[in-house]
Amino acid sequence: MPSKSRGLRTLTGCLTCRKRRVKCDETRPCCKNCERPVVARRQRTLSVRKSSEASVTPPIPDIGTSGTNADGALNTRLAPTSESGPEIVDPMQSWLPFQPEASDNVLPDENFFLDDSLFTFGDTLTPNFGPVEWYDLLAEDAINSMQGQTQSSRWNFDITSLSRRQSPRQSLALGVGGTAYDDTNAQAVSIPEPAHKPWNTENRIELKSDEILYFEHFINMVAPILNLFDTGQHFAKVVPHLAMRNVGLMKSLLAVGACHMAIYLPQGSPSNDVLTPVPESTPASIASAPPNTSRIAEQYYYETLQYLSQNLLYQAYTTSPEILATAIMISTYEMYGTVANSDQSNWDRHLRGAFWIQRTINTSGESSDGLERAVWWVWLRQDVWAAFRTGRPALTIHQPKIPMSELTSAGLATRIIYIAAKAVQFAATPKEGDIAGYVEAGETLMRMLVAWKRILPETFDPISIPPLQASPGPVPDSHQLALIWIHPVSRAAAIQIYHFARITILLNQPSSGGLSLYQIRFELLHESTAVICGIAVAQQSQNLPSAFVSFQAVYAAALCAETQDRQREILDVLEKVLKISKFPSKSILDDLLNVWRGAH
């Protein structure tokens, strides 16, 4: 809490200083704190935006009304007391000391200043990383993995072909001097770029019969997972067509398809748990999958790396849609590989590599190109979960420029993924320093969630369904799950991510103490848990694309389960979702049990 020895508060300080809880010198028209470069740039941006929108006022949600919101709870607008009656208090309103002010010329999400200097960004700002360094990381991991295998299981594969320094194309470009083993020359030289794309084939690639099996599995099973928030369905409609002329991208698609198919097959090792029967929604083609599907997936993966080693010298290829899609395919391959091996180190490092690739091309969730946007959001979804599990900061440094009031329903569904990334980043940041600053940062994130929630259109509203018992047999009324049915499934997933972000902030924000604040936190955590589980067990959410998001959200809800009955209830939901998603590793349930034991 701010020190009480500073004397009486003044009421004439600027709003920015009051929000940031710093002393204002009350200089007009702009105090010294607001003259800092970051704040000054933001003010200039806002002044230009407001002046251009003065003639067109954005619609602001009705104030002071109540109704049913997207999570089935009472939706009370944040507004001052009106003459028509007393103010209705929402727990979220009691939580926040500074409420977003609704005015005719201020957009709902422009009231928040999130001081990024408080956050830990890890190594995301490391310079001099790009496609070449990313590939070196992949090749190093692959070579170490191949060398670590036993003699009987080793590949009949030339490891040296993974080295870009051995590339035959590169040897053509070394006439300027130097040797094939000189890293400096290997990165400096490049091949003259012809008018066409030399890394693509002239004719469409002809797939073999066994390759069609994995290609179809990718389109029918994996692409819908990646396209959950993508209205353009790029991973089903665009990426496969790019792959028909690019060998590297095609090999990566086959690797992902085979790897995902392998997690549905019973494991041959007696030390592994036998997976449950294949769900009815799974294609019958899995029954014809060979038992060595996981090894076939590895083969396609190594062939992808071999292709990269031969084509990275083309500068245009390093910024092409093909390498962008290949990078996210490699990350997805490593993600599903954690099911058989719960070690996330390779996946985590390759997520960082995909970050460097996207930063080189300057892609983001607001890129003009639809494929770039789709790839960025898929990468961010993966990074949010990996960062949450390992306790590291999220990698994104993107700052949205489009205000929430201008977003479509699909844009609002993806914006909550970005807010969740900031919540995970907030949770991973050490808070031993400026405690008051971190309290304010948490409150700002909570206000961002409030602004997002209150601007949602009706497509996020639920359909009422009778309660469902979480487990067979009679259970107390307090442990019955009220089903929450939201259509389409991307909107239901967005509501789950909203509550995932809220739980993450509440569990990690420093508290100023007080019984009332504790009670508000408890109510919010309990509400978020009920909503997340209610969506997860609804029949409409029992599909593969939704299962990945549901598991993440339910797992976060499990971390704040306060009683053993509640823990058993949530564990039952987790097991049901895991039967559908097959991801992540089933060992994560054991990790959760250890967390619960430690709490008691």
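Me: Which residues have the most contacts inside the largest nonpolar core, and how many residues does this core have?

Reply: In this predicted model, the largest nonpolar core has 153 residues, and those with the most contacts inside it are Phe235 and Trp452. Helix H14, which covers residues 370-390, gives the most to this core, with 13 residues.

Me: What does Trp452 touch, leaving out residues up to four places away in sequence?

Reply: Apart from those residues, Trp452 touches Met404, Leu412, Arg415, Ile416, Ile419, Phe460, Ala494, Ile495 and Tyr498, where a contact means heavy atoms within 4.5 Å.

Me: Why is H19 called roughly antiparallel to H20?

Reply: The axes of helix H19 (residues 544-558) and helix H20 (residues 564-581) cross at roughly 155° and come within 9 Å. Angles over 145 degrees count as roughly antiparallel, and therefore H19 is roughly antiparallel to H20. The crossing of these two helices, H19 and H20, is left-handed.

Me: Which residues of H19 and H20 meet?

Reply: On the H19 side they include Leu544, Phe548, Phe551 and Tyr555, and among their counterparts in H20 are Ile570, Leu574, Val577 and Ser581.

Me: What is the average pLDDT of the protein, and where is the pLDDT below 50?

Reply: The protein averages a pLDDT of 74, and 65% of the residues score at least 70. Over residues 37-111 the pLDDT is below 50, although this stretch has 137 contacts in the model beyond near neighbours in sequence. Residues 268-279 also have a pLDDT below 50, with 15 contacts counted in the same way.

Terms used
Residues numbered from 1 in each chain as written. Predicted model: local features only at pLDDT ≥ 70, side-chain atom pairs only at ≥ 80, totals over all residues. Heavy atoms only, no water. Core = buried A, V, L, I, M, F, W, Y, C linked by side-chain atoms within 4.5 Å. Buried < 20%, exposed > 50% of the residue type's maximum accessible area, 1.4 Å probe, protein only. Helix = DSSP H or I, 4+ residues; strand = E, 2+ residues; numbered from the N terminus. pLDDT = per-residue confidence, 0-100. Axes fitted to C-alpha atoms, helices over the stretch in contact; angles between N-to-C directions. Parallel < 35°, antiparallel > 145°, perpendicular 65-115°, else oblique. Left-handed = near helix turned anticlockwise from the far one by under 90°.
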